[in-house]
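Hello,

Here is the structure I promised to pass on to you.

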Amino acid sequence: MSRKTILSLVFFFLATTCLAQHTEEETTEPATAYRVRTMVYKGDTIPYIALPAVYIYRPMQFKNKRQEKRYSKLVRDVKKVLPLANEVQHAIIETYEYLMTLPDDKARQRHMKAVEKSIKEQYTPRMKKLTFAQGKLLIKLVDRQTQSTGYELVKAFLGPFRAGFYQAFAALFGASLKKEYDPEGEDALTERIVRMVENGQL
């Protein structure tokens with residue numbers, strides 16, 4: 001769809017909305033005014049309304065009840081784990097921005113020790129409530145949200161020795177902090193569910 005066509009649709013939508021409000025004003029109370037963002041296009045200032053993305057997929061088709069049950073379980077797991085992955089993303093951004101304000105490496109190391117202690121106290125009780133499958137899913141969703149594997153994040157903030165320790169610990173349970181998220185491969189179904197959950201479609 002060309003830019004000209006899109007602009008025409010936007011203007012049509014706005015014109016229709018204004019006309020409807022004008023008609024309503026003649027018979028009822030004045031309509032409520034709304035503030036919207038604007039943008040300048042070819043010298044003209046026009047309203048700018050960001051519409052949420054809508055993902056359209058083919059309806060799920062299951063070969064059997066077992067496959068349907070696995071899908072339902074994955075939906076539940078994503079809804080439970082995705083908020084945690086988002087919290088990790090925000091915590092990383094905040095921690096990094098704060099570290100950049102500290103004067104030297106010694107101050108940064110001292111702060112990271114405090115952060116690690118705080119994370120353990122805050123998240124250990126919540127992590128204990130996750131199943132093994134949910135824990136592995138969290139590792140992948142952290143990679144999705146931060147564009148870095150769990151191993152890379154630990155290594156960047158706590159150093160290679162601590163990253164190796166946590167990786168070895170995870171390996172004892174058959175997990176890996178180095179596991180990457182593959183939205184077009186083995187994690188394609190998870191990606192579909194994540195997008196729909198984020199958009200309120202599931």
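Below is what I found in it, from the overall layout down to single residues.

Please keep in mind that this is a predicted model.

**Overall layout**

The protein chain holds seven helices and two strands. Starting at the N terminus, its elements follow the order α-β-β-α-α-α-α-α-α. Of its 202 residues, 27% count as buried. If you look at contacts between residues at least 6 apart in sequence, 67% of them join residues at least 24 apart.

In soluble globular proteins, nonpolar side chains tend to be buried together. Here, the largest nonpolar core has 20 residues, and Val78, Leu138, Leu141 and Ile193 are the ones that touch the most other members. Three helices each supply at least two residues of this core: α2 (65-99), α4 (132-146) and α7 (188-198). The biggest contribution is from α2, which gives nine residues.

Leaving aside residues up to four places away in sequence, Leu141 touches Val81, Leu82, Ala85, Tyr181, Thr190 and Val194.

**The largest pocket**

The largest pocket has a volume of about 1,500 Å³. Its lining is made up of 36 residues, and those that lie nearest its centre are Ile119, Met127, Leu138, Tyr166 and Leu177.

Which helices each supply at least two residues of the lining? They are α2, α3 (105-127), α4, α5 (150-158) and α6 (160-171). The largest share, eleven residues, comes from α3. Sorted by class, the lining of this pocket has 23 nonpolar, eight polar and five charged residues.

**The hairpin**

The two strands are β1 (residues 37-41) and β2 (residues 44-48); they run antiparallel and are joined by five bridges. Together they form a hairpin with two residues between them. Tyr41 stands opposite Asp44 in β2. Is β1 buried or in the open? Of its five residues, the number buried is zero, so β1 lies largely in the open.

Most residues other than glycine have a negative phi, and most peptide bonds are trans. Against that background, two residues are worth a look.

- Lys42 sits in the loop between β1 and β2, and its phi is near 55°, a positive value in a residue other than glycine. Lys42 is exposed, with a relative accessible area of 71%.
- Gln147 lies in the loop between α4 and α5. Although Gln147 is not a glycine, its phi is positive, at about 65°. Gln147 is exposed as well, with a relative accessible area of 65%.

Best wishes

Notes:
Residues are numbered from 1 along each chain as its sequence is written. This is a predicted model: local features need pLDDT of at least 70, side-chain atom pairs count only at pLDDT 80 or more; totals for chains, interfaces and linings use all residues. Side-chain values use heavy atoms; hydrogens and water are left out. A nonpolar core is a set of buried Ala, Val, Leu, Ile, Met, Phe, Trp, Tyr and Cys residues joined through side-chain atoms within 4.5 Å. Buried means under 20% relative accessible area, exposed over 50%, partly exposed in between (1.4 Å probe, protein chains only). Helices (H or I, at least four residues) and strands (E, at least two) are DSSP runs, numbered from the N terminus. Contact means heavy atoms within 4.5 Å. On a 1 Å grid over the protein atoms alone, a cavity is a set of points where a 1.4 Å probe fits but cannot get out, and a pocket is an open set with protein on both sides within 12 Å along at least five of seven lines; lining residues have an atom within 4 Å of a point. Grid points are joined across faces, edges and corners, and a volume is the space filled by probe spheres set on the points. Ala, Val, Leu, Ile, Met, Phe, Trp, Tyr, Cys and Pro count as nonpolar, Asp, Glu, Lys and Arg as charged, and the others, Gly among them, as polar. Two strands pair if DSSP finds at least two bridges between them.
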